[in-house]
Amino acid sequence: MKGKGLLKGLGITLKRFFKPKVTVQYPEQRLPLPDRFYGKPEFYYDKCIACNMCVNACPNKVIKLETEAVDKKKVVTRYDFDQQYCLFCGLCQEACPKDAIKFSKDFELTQYNRPDIKIKFVKPEQVEQRKEEIRKAAAEKAAAEAAKAAQEAALKPETADKEGT
């Protein structure tokens, strides 16, 4: 019979026409995202220990990390993320021992200008603040050790006098 395919197609169309609509009005309504969805990356500067695990885990070498030594401690001076080449695989998140990098549920990552795609997470004022904190902690530690040494030195003559009598 000729037109069998046409009748079959019209039958499917008529069935769909009377069923409830499943269209989501996107900007106003949003579908729920899965728990393991990888959206926009987020970096927590205070948690980062500059171990380079995320850089080594990234298959596309999207992450650029630079550090500087301050009083025998590493300070992150630059953490750049080039999302135009990111696979959103989550390997950097899994590799990080301190959960310093995570992915949010934000999936609207479009930019008007190509250079804006690269994310610079570390600001110069954060770096200076971290350096100052490390120097202050080192100075406090040195002062505490000096006070402890002075206290021990003050106790030694007293114990020597007691042993001698």
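Reader: How far apart are the end C-alpha atoms of helix H1, and what span should its 15 residues have?

Author: The model is a predicted one. Helix H1 covers residues 4–18. At 1.5 Å a residue, its 15 residues should span 21 Å, which agrees with the distance between the end C-alpha atoms, 22 Å.

Reader: How many residues of H1 are buried?

Author: Buried here requires under 20% relative accessible area. H1 is hardly covered, and among its 15 residues the count that is buried is 0.

Reader: In what order do the strands of the open sheet lie, and which are the edge strands?

Author: The open sheet consists of 3 strands with antiparallel pairing, in the order S2-S3-S5. Strand S2 (63–70) and strand S3 (residues 73–82) pair over 8 bridges, and Ile63 stands opposite Phe81 in S3. Neighbouring strands are turned by 20° against each other on average, direction ignored. Those that pair on one side only, the edge strands, are S2 and S5 (118–120).

Reader: Which element gives the most residues to the largest nonpolar core?

Author: This core has 27 residues, and Phe43, Ile63, Val76, Tyr79 and Phe81 have the most contacts inside it. At least two residues each come from helix H2 (53–57), S2, S3, strand S4 (101–103) and helix H4 (124–164). The most, 4 residues, come from S3.

Reader: With which residues is Tyr79 in contact, leaving aside its neighbours within four places in sequence?

Author: Tyr79 is among the residues with the most contacts inside the core. Beyond those neighbours, Tyr79 is in contact with Phe43, Cys54, Ile63, Lys64, Leu65, Ile101, Ile119, Lys120, Phe121 and Val122.

Definitions and conventions
Residues numbered from 1 in each chain as written. Predicted model: local features only at pLDDT ≥ 70, side-chain atom pairs only at ≥ 80, totals over all residues. Heavy atoms only, no water. Pairing = 2+ DSSP bridges. Axes fitted to C-alpha atoms, helices over the stretch in contact; angles between N-to-C directions. Expected span 1.5 Å × (residues − 1). Buried < 20%, exposed > 50% of the residue type's maximum accessible area, 1.4 Å probe, protein only. Core = buried A, V, L, I, M, F, W, Y, C linked by side-chain atoms within 4.5 Å. Contact = heavy atoms within 4.5 Å.
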